[in-house]
Amino acid sequence: MDFRHCGAKILITCVTLFAFNALAEEPALKPKITASEAGPKAAMILDNSLSKKDLKMKPPVEGPRSGGGGNSCALSIHQNTEKLVSLLADMPNLLTKNQKDTLLFKISEAKFYIADSLSLDGQLKDAINYPNTNEIFITNRLCGFDLLEVQSRAMAILLHEYLGLARIDDREYQISGAFLQNYDSYVAKGYSFTANNSYLASTGQCVQSVLHIQQIGNNLVVASTSKSSSRILALSKNKVEEFRALAKRVSGAPISVKVEDKANDMELEFTSKSCGNTRCDFLTVQNSEGVFGVFKNALYGLAVVDCK
């Protein structure tokens with residue numbers, strides 16, 4: 001028997017089988033979009049793989065890989081993505097374990113580009129994802145409206161694009177839509193603090209200000225009607241458990257949770273205690289110089305609007 005001839009046949013057969021398997025596992029994809037195809041101003045604004053740490057990306061900074069006008073959008077994508085990842089951990093029925101693992105990996109490797117306009121198959125699009133290169137192209141319009149703030153709609157849009165990178169079918173928005181429904185019920189279970197406060201404007205008028213704080217997943221979102229933007233404070237697992245205990249408290253010994261806001265050199269202390277037969281919640285705000293604000297939770301009708 002001619003073993004050389006037999007070996008050649010075996011080699012050809014193996015190569016043929018490998019080629020068929022590769023074609024079966026890798027579905028046909030549209031060609032990768034380039035910066036020139038996306039638009040003359042297309043530029044990378046965020047690369048999750050450069051700043052990932054346990055899927056908690058740090059805010060991007062100005063640099064050679066960031067478009068000058070894209071940093072605010074990159075920051076919003078980062079914040080929405082970090083919040084999205086923390087929420088997915090508390091939605092075990094949204095995806096299978098394999099789907100979730102694949103999705104988280106793709107999120108950690110995603111690259112974002114911004115362009116004035118995008119089109120696919122002759123149709124204008126706000127976002128296009130390319131799984132082979134882990135790239136997501138978005139328009140300035142999408143950044144300026146839907147991705148402008150940290151909110152459920154922005155997270156659902158990003159989830160839809162991340163699912164595309166992971167090749168998980170969401171063409172009918174069956175997963176990203178379910179995420180929105182789960183988000184609404186999840187937020188209701190979190191710890192919320194709303195205080196009606198007031199301050200004297202430069203005109204001497206007494207202006208009411210509403211302070212609203214929500215614990216959503218591993219983040220504390222702090223917003224106020226006196227400011228146009230909100231702050232997001234990352235929480236450790238221990239802090240999340242402390243907030244859960246705070247939210248469940250009805251009576252008994254007082255419970256306090258302290259959170260550091262290092263960027264503003266402040267400490268926020270949430271306290272729940274009994275005021276007669278009523279539960280009272282307070283927020284104490286202090287810095288290195290001492291306490292400069294104590295707020296009562298308006299959820300229980302205890303807040304007082306009083307300019308001084």
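1. Burial and surface. In this predicted model, 40% of the 308 residues of the protein chain count as buried. The accessible surface comes to about 17,700 Å². Carbon and sulfur atoms account for 54% of that surface.

2. Overall make-up. The protein chain holds nine helices and 14 strands. Take the contacts between residues at least 6 apart in sequence: 51% of them join residues at least 24 apart.

3. Helix H7. This helix covers residues 152-165, which makes 14 residues. From first C-alpha to last, H7 reaches 20 Å, close to the 20 Å expected at 1.5 Å a residue. H7 is mostly covered, with 12 of its 14 residues buried. Among them are Met155, His160, Glu161 and Tyr162. Arg167 follows H7 and has a positive phi, near 60 degrees.

4. Phe112 and Tyr162. The structure has four aromatic pairs. One of them joins Phe112 and Tyr162: the ring centres are 5.9 Å apart and the planes stand at 85 degrees, so the pair is edge-to-face. This pair links distant parts of the chain. Phe112 sits in strand E2 (residues 111-115) and Tyr162 in helix H7, 50 residues apart. Phe112 counts as buried because its relative accessible area is 0%, under the 20% cut-off. Tyr162 is buried too, at 0% relative accessibility.

5. Tyr130 and Phe137. These two residues form an edge-to-face aromatic pair, 6.4 Å centre to centre with 85 degrees between the planes. Both Tyr130 and Phe137 are buried. Ring pairs also bring in Tyr113, linking Tyr113, Tyr130 and Phe137 into a cluster.

Notes
Residues are numbered from 1 along each chain as its sequence is written. This is a predicted model: local features need pLDDT of at least 70, side-chain atom pairs count only at pLDDT 80 or more; totals for chains, interfaces and linings use all residues. Side-chain values use heavy atoms; hydrogens and water are left out. Helices (H or I, at least four residues) and strands (E, at least two) are DSSP runs, numbered from the N terminus. Buried means under 20% relative accessible area, exposed over 50%, partly exposed in between (1.4 Å probe, protein chains only). Contact means heavy atoms within 4.5 Å. Accessible areas come from the Shrake-Rupley method with a 1.4 Å probe; for residues, only the protein chains shown count as cover. The expected span of a helix is 1.5 Å times one less than its number of residues. Rings of Phe, Tyr and Trp (its six-membered ring) pair if their centres lie within 6.5 Å; planes under 30 degrees apart count as stacked, over 60 as edge-to-face and the rest as tilted.
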